[in-house]
Amino acid sequence: MRENEFDKGVKELMGEFRLQPSAQVWPEVERRIRERKRRRILIFWFLLAGVLLGAAGTWWYIQSGETTDRKISTTVISQQSGIDSFRQHENINRPAAIEKSTDLISAEKKITAPATTTVQSVPAEKLAVSKAIPKTPGSSPVVYPADINTVNNPLNKTQKQPTRKYPANKPKPVSVTDGASIATTASLPNPVMPAVLIPQPVVTADSADRNRGVVSVSQSMVPVVANTDSQLTAKPANVTDTVSTAVPPVATKNKKAAARKWETGLAFSAGFTRLTSGSIAGFGNAEKNFDAMYASPVGTNSSFYNNSPLIRYADTIPLYGWAWQAGVYAKRKTGKRTAFSAGMNIGFYSSWQTVGAFKDSSRIFRLAQGNVESNSYYLSGTENKYSNRYYYLQFPLLFHWQLNKARKGPALQWENGLMPVWLAGSRAIIYDRNDRMYYTDKKAYNRLGLAFQTGMSFRFAPQHKPAWSAGIYYNFHISQLQKMNQPAYNNLSSFGLQLRRSFKK
Amino acid sequence: MTDERQLVRNCLKGRPDAQKELYDRFAGLMLGICYRYTKSLTDAEDVLQDGFVKVFRHLHTYKFEGELGAWIRRIMVTTALNFLKKHSRYRTDLSFDNNDALHPVIESDAEVKMTAREVAELVRQLPTGYQTIFNLHAVEGFSHVEIGQMLGISDGTSRSQYARARQLLMSWMETQSMIKTDQYAGK
């Protein structure tokens, strides 16, 4: 009975028990709520930026392909007017001759037309196809598509011969689209302009263009236009009497492959480290040094210090230090102005802080995650300086976007990306609020993490010399540095200058 | 209640004035709760801070079923329990072993009159295990089964711990009451 009364009395008393919280509780609550909101907003913007960059990169990639195709069509039309005066040369389809026009050529699709497709004399206004006309003296010779592997295919032979440049005063060979192949026949007695059509693509001419002698190429059929000029050099009889201006797909592929080749090189950057409170903050914050007046004396647990609004723990200030990164990278163009790079580097970050006296004796620190025994420790204070060091293995995955045309000057590049990081080693001290001491514990850190990196650089690519770029960078470790005894400022970030140099041109 | 609903809605909209009002309305009562579970006012304020951050982060889960104060109170109690588990200085003391040395023998039947603050101070002087179970059962009204589930102990342990905590408190109260009586008599 007495016990029940006691319970009831206590419950009543405690139910109304109130205490007035100190003034600094609400600002801290408010700060934490806002900080979380800010972090959410930042994550949202990063994601959005990533998506936009990805979309922009894809658009650029697709767009650059379309632009090339459009250029080819235009070239075909404009060059077709010169077909009448086109001079056939025996080396016309040699790689060196093609070099000059490959910028506008994308003959990617392989021609699958049968080798028996023949040359036929076609009036300019009407082109027709004739199949399997046997090769007879005086008639138009057989044209072999470049990639058809037949014994008699002259292209297979001519490709192996030494390259000779196409004469500068002669018209360039006709460019083709999407596997279209245009060939001219040599030594044709027929005064009418001959044309060889491979069944797939077709040469068409609208009424307006026909008057100008303009012929355009579409995908359904391959036109092979021959020049009947007697000045054309006759082919050796033992090879074939047909010379094709069809662009060897192999050469185009090589050119394309060369353009998309991985560029490898060295990357180096150096700058400042700043430990932040989880939000991407700038450098130059005034709170650079731990102020002694805010430090509670070691071992003090008096109500004065615990309740004082001046109380500042040593782990509630941002720390600064040096940072450098060095490593290798591989970069590949994904579009006209876009590129992707992957790399590996060693990252060094340091942060300075003031500490008290060094104690070379063992001590057990009781943490929520378990006890930690440290063989030595520092007291809090301002007598000494300590430099924390963190060594990371980093794998930057960056998307580069060229912002200018760079026709004359260097290319201005903006890069963004993520960087998985692995903490390879550390030599740093951790602050324990309970004891107000610093101790070392290598297990207190998150080994794996993720960082965001951005930067801006100028890329210089002088002729015959390796390309190099210089600029600024900023990286921010999204994941926290310490997992145990977490300080208020627990995210590494660094800012500085970066330099890249490719291995060779 | 309508006022409370509006307050919650404004808080959910992220209005700082509403958030401050909510805090001001409940901070005093909640600090009292936190104070009973911890050993220092600083720790109590830490719990209060963590608790209110949780309150604002999870306010969208409050479905207006029951009183807002009770909902916040539950969050504060849970936060306090987590705090005790997390911090080593409490964890070492948060054992639920039987401690017979602490068993007082209550013989006096004197009437005890104390203020809420005095009772709270006495409760805080109990070993953390006793303190926690006493608070959960006597003040918050949780059953021993619920307490057992919350703390990972059997309900029997909770019962015995509570009985010992109560005996200890009662003896301390009587001692204090006697001291008070002596002081008054001395005057």
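## A buried arginine in chain A

Let's start inside chain A, where Arg436(A) is buried, because 22 other C-beta atoms lie within 10 Å and 20 or more is what it takes to be called buried. Do keep in mind as you look around that this is a predicted model. Arg436(A) belongs to the loop that runs between β18 (430-432) and β19 (437-439) of chain A. The backbone is worth a glance too: although Arg436(A) is not a glycine, its phi is positive, at about 55°.

## Chain A as a whole

Stepping back, chain A holds 7 helices and 22 strands. Of its 505 residues, 33% are buried. If you take the contacts in chain A with a separation of 6 or more, residues 24 or more positions apart account for 75% of them.

## A glutamine in another loop

Further along chain A, have a look at Gln480(A), found in the loop between β21 (468-477) and β22 (491-502).

Leaving aside residues up to four places away in sequence, Gln480(A) touches Asn446(A), Gln486(A), Asn490(A) and Asn491(A). There is also a pairing across the chain to find in your viewer: Gln480(A) and Ser277(A) are 203 residues apart in sequence, while their C-alpha atoms are 9.3 Å apart in space.

## Chain B as a whole

Now for the partner chain. Chain B has 9 helices and 0 strands, and its pattern along the sequence reads α-α-α-α-α-α-α-α-α. Buried residues make up 34% of the 187 residues in chain B. Among the contacts in chain B between residues at least 6 apart in sequence, 67% join residues at least 24 apart.

One loop residue here deserves a stop. Phe64(B) sits in the loop between α3 and α4 of chain B, and its phi is near 60°, a positive value in a residue other than glycine. Phe64(B) counts as exposed, because it has 12 C-beta neighbours inside 10 Å and the exposed class covers 12 or fewer.

## Two helix pairs in chain B

Two packed helices are described by the angle between their axes and the distance between the axes. For α2(B) and α4(B), the angle is about 30° and the axes are 10 Å apart. That makes α2(B) roughly parallel to α4(B), because angles under 35 degrees fall in that class. The crossing of α2(B) and α4(B) is right-handed. On the α2(B) side, the contact is made by Phe26(B), Met30(B), Ile33(B), Cys34(B) and Tyr37(B). From α4(B) come Gly69(B), Ile72(B), Arg73(B), Met76(B), Val77(B), Ala80(B) and Leu84(B). Sorted by class, this contact of α2(B) with α4(B) has 10 nonpolar, 1 polar and 1 charged residues.

The second pair is α7 (residues 128-139) and α8 (residues 144-151) of chain B, whose axes come within 10 Å and cross at roughly 135°. With that angle, α7(B) is oblique to α8(B). The crossing of α7(B) and α8(B) is right-handed. Here Thr132(B), Ile133(B), Leu136(B) and His137(B) of α7(B) meet His144(B), Ile147(B) and Leu151(B) of α8(B). The residues of this contact divide into 4 nonpolar, 3 polar and no charged.

## The largest nonpolar core

Which residues touch the most other members of the largest nonpolar core? Of its 46 residues, they are Met30(B), Leu31(B), Cys34(B), Leu48(B) and Ala80(B). The elements giving two or more residues to this core are α1 of chain A together with α2 (16-37), α3 (41-57), α4 (68-86), α6 (116-125), α7, α8 and α9 (155-186) of chain B. With 10 residues, α2(B) gives the most.

## Where the chains meet

Finally, the contact between the chains takes 26 residues from chain A and 29 residues from chain B. On the side of chain A that touches chain B, two or more residues each come from α1 (2-15), α2 (25-80), α7 (303-307) and β12 (363-367) of chain A. By class, the residues on the chain A side divide into 13 nonpolar, 5 polar and 8 charged.

Technical notes:
Residues are numbered from 1 along each chain as its sequence is written. Chains are lettered from A and ligands numbered from 1 in the order in which they are written. This is a predicted model: local features need pLDDT of at least 70, side-chain atom pairs count only at pLDDT 80 or more; totals for chains, interfaces and linings use all residues. Axes are lines fitted to C-alpha atoms, for helices over the stretch in contact, and angles run from 0 to 180 degrees between N-to-C directions. Helices (H or I, at least four residues) and strands (E, at least two) are DSSP runs, numbered from the N terminus. Angles under 35 degrees count as roughly parallel, over 145 as roughly antiparallel, 65 to 115 as roughly perpendicular and the rest as oblique. A crossing is left-handed if the near helix is turned anticlockwise from the far one by less than a right angle, and right-handed if clockwise. Two residues are in contact if their C-beta atoms, placed from the backbone, lie within 7 Å. Ala, Val, Leu, Ile, Met, Phe, Trp, Tyr, Cys and Pro count as nonpolar, Asp, Glu, Lys and Arg as charged, and the others, Gly among them, as polar. A nonpolar core is a set of buried Ala, Val, Leu, Ile, Met, Phe, Trp, Tyr and Cys residues joined through C-beta atoms within 7 Å.
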